[in-house]
Amino acid sequence: MHLRVPRPRSLAGQLFAMQAVLIAVVVVGYALFSYISDRGQAEEAAGRQARAVSLAIADSPSVAEAIRTSDPTARLQPYAVRVMRDTDVDFVTIMDPEGIRWTHPDPRQIGHPFQGHIERAQRGQTFTETYTGTLGPSVRAVTPITDDGRIVGLVSAGIKVEEISKRAQEQLTALSGVAAGALLLGAVGTYVINARLRRHTHGMNADELSRMHDYHQAALHAVREGLLMLDGQYRVALINDGGRELLGVRSDVVGASVADLGLPSQLTGALLASEPRVDEVHLAAERVLVVNTSPVSGGERRGTVVTLRDVTELQSLTGELNSERGFTQALRSQAHEAANRLHTVVSLIELGRAEEAVEFATAELELAQALTDQVVAAVSEPVLAALLLGKTAQANERGVELVVSQDSRLDDGLLPPSLPARDLVTILGNLVDNAVDAAQGAVPSRVTVAAYTEDSGAGGSELVLRVCDTGAGVDPAHADLVFQRGYSTKPAGEGGRGLGLALVRQAVRRHDGTLTVTEAEGGGARFEARLPLGDAGGGGSAPAAVTGSRPGSGGAV
């Protein structure tokens, strides 16, 4: 047998119960206060009524005339009964100055002393009191009757407390109806409000909501991915630590419009888009981000949920992989060419021309080694040397001559650890790829690369990477646009174009460098990246490059 533990009441249910009790207490309290207040007001009204009746009787000339007769009761008793009936009081008692009754609702009480206080009336004062007499508790007024300045009698008019209670109960009945209506209306209103609250809280109680909030806060700040929530007006409703770091924004952006965050225009456009965005690649200040957006709707647009993933390293690795793929293709082509040369050597030997075969093979080997030596002599930094050798072969496959300029000089170990090889590959590799694309098909088809260090003029040195091509060049009006993601003069291929130069600018900015594009000598574009080296760099330019080429060698260096 399983015991089912009752689930705690939801927050909406708790609020409904609390509000219902509160309304009930307020209504009942108000009804009790009104009853007590109405009862007091009823007693005051009864006192005023009794006082008015007693004063009217005392001022009546017929009463004074009846008192002067030998039998006042005979004339005053019918008069008192008629006044009681007409004024809706419970008794009217007229008595002599000593308090002996001349009239009474019960004729048997005539001739007996009045039960109550008459001392003040005997002194000529009119007063009101609550007293228990022969008819029970009553509110009464006692007034002296004067004739030519002398007190010749006293009159008392009163209303029983029982009648006053009946009047208050009648008012209480009406008040109870109003209170019941107010309680019902309040209960209905509370139920409607809490039904809406129950929908918004999904029937959860306060502990569950508190626990969910704690989990939400922990998860929000624990995930490395960026999370951004926008409201219906595209204002930042929520952003986690990862989102602030990836977007490079300050901590107090909640409530700010996306358009005011200072993000790149294309990233801002993606965040402001009404339709979902799936795995779009965008560049922030120093990062490559994969952006996904999902509108939040519930009958109307309520906002947008944005997730951000940092793929800066992944994009860099992808670029390196593409370079390796290019190297592989170049090696495959070189292997095919080497096989042709080997067949030539074998054929020469079979024809009995061994000396010519040796001469042909030796010349090819010397030329290949010379090219390698020339590149390493100019750029002995191993990563850049390997990159240039590979790019030379790639360019040759596409009919473009790649030249390392004579003023290049970059010794091994010259670059500081703060300038990683991966960033150098990103910068120089993308600049060369862009230049080869531009120079392909031009006459002549040439790309010239320069890499050297020079004094920056501020007590330090800087690395200069310059790539020139013989292509169509860059329109000065578009000099800044070429570094934005998506800009390209080539048709879009698989995965899109226009990301390489944007990555170059991002890497250069990451190292506080500068990147410029101008017109090259003889036409084409001239891209130059300058990266500060601090005190680690040295040296300068020195002639150390060869600009010759050979057929089928994989380009010129």
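**Reasoning from the definitions**

Tutor: This is a predicted model, and it holds one cavity of 30 Å³ or more. About 90 Å³ of space lies in the largest cavity.

Student: Why is this space called a cavity?

Tutor: Because a 1.4 Å probe fits there but cannot get out.

Student: What makes Phe91 a lining residue of the largest cavity?

Tutor: A lining residue has an atom within 4 Å of a cavity point. Phe91 is in the lining, along with others including Thr93, Arg101, His104 and Arg140. Strand 1 (91–95) and strand 3 (136–147) are the elements that each give two or more residues to this lining, and strand 3 gives the most, with three.

Student: How do the lining residues divide into nonpolar, polar and charged?

Tutor: Three are nonpolar, seven polar and two charged. Gly counts as polar in this scheme, so Gly133 and Gly136 from the lining go into that group.

Student: How do you know that strand 2 and strand 3 pair?

Tutor: Pairing needs at least two bridges. Strand 2 (residues 127–133) and strand 3 have seven, in the antiparallel sense, so they pair. Thr132, for example, stands opposite Pro137 in strand 3. A hairpin through two residues joins the two strands.

Student: What makes Leu184, Val188, Tyr191 and Val192 a nonpolar surface patch?

Tutor: Patch residues need over 30% relative accessible area and no salt bridge, and nonpolar side chains are joined within 5 Å. These four make a patch of about 410 Å², so they meet those conditions. Tyr191 is found in helix 5 (residues 161–201).

Note on methods:
Residues are numbered from 1 along each chain as its sequence is written. This is a predicted model: local features need pLDDT of at least 70, side-chain atom pairs count only at pLDDT 80 or more; totals for chains, interfaces and linings use all residues. Side-chain values use heavy atoms; hydrogens and water are left out. On a 1 Å grid over the protein atoms alone, a cavity is a set of points where a 1.4 Å probe fits but cannot get out, and a pocket is an open set with protein on both sides within 12 Å along at least five of seven lines; lining residues have an atom within 4 Å of a point. Grid points are joined across faces, edges and corners, and a volume is the space filled by probe spheres set on the points. Helices (H or I, at least four residues) and strands (E, at least two) are DSSP runs, numbered from the N terminus. Patches are made of residues with over 30% relative accessible area and no salt bridge: like charges are joined within 9 Å, nonpolar side chains (Val, Leu, Ile, Met, Phe, Trp, Tyr) within 5 Å. Accessible areas come from the Shrake-Rupley method with a 1.4 Å probe; for residues, only the protein chains shown count as cover. A salt bridge is a side-chain nitrogen of Lys or Arg within 4 Å of a carboxyl oxygen of Asp or Glu.
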